[in-house]
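Colleague: I'd like to learn how to read a model like this one. Could you walk me through some features, one at a time?

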Amino acid sequence: LDGVTLDDIVFHMNAKGRGTKPIYDFLESATWAICMPNKRYVHRDAVIDLDDAAETMLKILRRQFSMFSGYTNIDTLFDAISNELFMFMNDNDFTSPEEIFCIAKHLFSVEKYAGNEFAFFWYQHIFERTPSFNVSNASVLRQYIYSCHGPVTKDACVTYLNRLKIPSGNISGLLDLGSSTDVLQ
């Protein structure tokens, strides 16, 4: 599963079809090419038991979306995958959250496994539906507050962020409470 880099692929193309952008676009939409960390590509068939793991990943993502108001992230997903798909990770030598993020992104963004399409951002954030806001830790917290449909305590916000392993040291700063018009303290 070492894969091959985009630069290596471009280098081996003939002069007529050569160019990084067209090859990148092609590979990003190819259901057989999985983009791993550092823009390394592996063939889908090189991943052992990928189809079996996809069903378990879907169940994990659905459970986490239910728990976290339509959101999860790389760390929370990695913890669950490590527990429930240990043999899959071991057989494929997956050791990092980024690798699991890439596999999930391929399954549920490129392949749209079993008709399920989720939104993935910056090797960090995963949404059940594409958000209508700029994605950041602050917007994740705002989404949680909105999902509560009313007042929510600072302690509840801290608990929510801690469960997602998002830094929660300065809730007021994160929400920009001094000048924000959408969240009131």
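Colleague: Let's begin at the start of H4. Which side-chain oxygen reaches to the backbone nitrogen of Asp-75 there?

Modeller: That one belongs to Asn-73, and the oxygen comes to within 3.2 Å of the nitrogen. Bear in mind that this is a predicted model.

Colleague: And which residues of H4 are buried?

Modeller: H4 covers residues 74-84, and its buried residues are Ile-74, Thr-76, Leu-77, Phe-78, Ala-80 and Ile-81. They pack against helices H3 (50-67), H5 (86-92), H6 (97-110) and H8 (154-163), and also against strands S4 (71-73) and S6 (125-127).

Colleague: How do I describe two helices that pack together?

Modeller: You give the angle between their axes and the distance between those axes. Take H4 and H6: their axes come within 9 Å and cross at roughly 90 degrees. Crossing angles of 65 to 115 degrees count as roughly perpendicular, so that is the label for H4 and H6. On the H4 side the contact is made by Ile-74, Leu-77, Phe-78 and Ile-81, and on the H6 side by Pro-97, Glu-98, Ile-100, Phe-101 and Ala-104.

Colleague: On to sheets. What holds the strands together?

Modeller: Strands of a sheet pair through backbone hydrogen bonds, and the pairing can be parallel or antiparallel. In this model, 3 strands form an open sheet in the order S4-S6-S5, with antiparallel pairing.

Colleague: Why is one side of S4 and of S5 left without a neighbour in the sheet?

Modeller: Because S4 and S5 (119-121) stand at the edges, and each has a single partner strand. Neighbouring strands of this sheet are turned by 20 degrees against each other on average, ignoring direction.

Colleague: How many bridges join S5 to S6?

Modeller: There are 3 bridges between these antiparallel strands. To find your place in the pairing, look for Phe-121, which stands opposite His-125 in S6. H6 turns up again here: this helix packs on the sheet and touches S5 and S6, its direction making about 145 degrees with that of S5.

Colleague: What should I look for in the side chains of a single strand?

Modeller: In a regular strand they alternate between the two faces of the sheet. Strand S2 (residues 33-36) shows Ala-33 and Cys-35 pointing one way, with Ile-34 and Met-36 pointing the other way, and all of them are buried.

Colleague: Which strand is S2 joined to, and by how many bridges?

Modeller: S2 is joined to S3 by 4 bridges, and the two run antiparallel. Ala-33 stands opposite His-43 in S3. The hairpin of S2 and S3 has 3 residues between the strands, and Asn-38 takes a positive phi near 65 degrees in this hairpin.

Colleague: Now Arg-44, in the loop between S3 (40-43) and H3. Is Arg-44 buried or exposed?

Modeller: Arg-44 has a relative accessible area of 14%. Buried means under 20%, so Arg-44 counts as buried. Setting aside neighbours within four places in sequence, Arg-44 is in contact with Thr-31, Trp-32, Ile-34, Leu-50, Asp-51, Leu-107 and Glu-111.

Colleague: Last one: what does the protein chain look like overall?

Modeller: The protein chain has 9 helices and 6 strands. Its C-alpha atoms fill a box of roughly 60 × 35 × 30 Å along the principal axes. Of its 185 residues, 44% count as buried. The accessible surface comes to about 10200 Å², and 52% of that belongs to carbon and sulfur atoms.

How values were computed: Residues are numbered from 1 along each chain as its sequence is written. This is a predicted model: local features need pLDDT of at least 70, side-chain atom pairs count only at pLDDT 80 or more; totals for chains, interfaces and linings use all residues. Side-chain values use heavy atoms; hydrogens and water are left out. Buried means under 20% relative accessible area, exposed over 50%, partly exposed in between (1.4 Å probe, protein chains only). Contact means heavy atoms within 4.5 Å. A polar contact is a pair of N or O atoms within 3.5 Å; within protein, one must be able to donate a hydrogen and the other to accept it, and residues adjacent in sequence count only if both atoms are side-chain atoms. Two strands pair if DSSP finds at least two bridges between them. Axes are lines fitted to C-alpha atoms, for helices over the stretch in contact, and angles run from 0 to 180 degrees between N-to-C directions. Accessible areas come from the Shrake-Rupley method with a 1.4 Å probe; for residues, only the protein chains shown count as cover. Angles under 35 degrees count as roughly parallel, over 145 as roughly antiparallel, 65 to 115 as roughly perpendicular and the rest as oblique.
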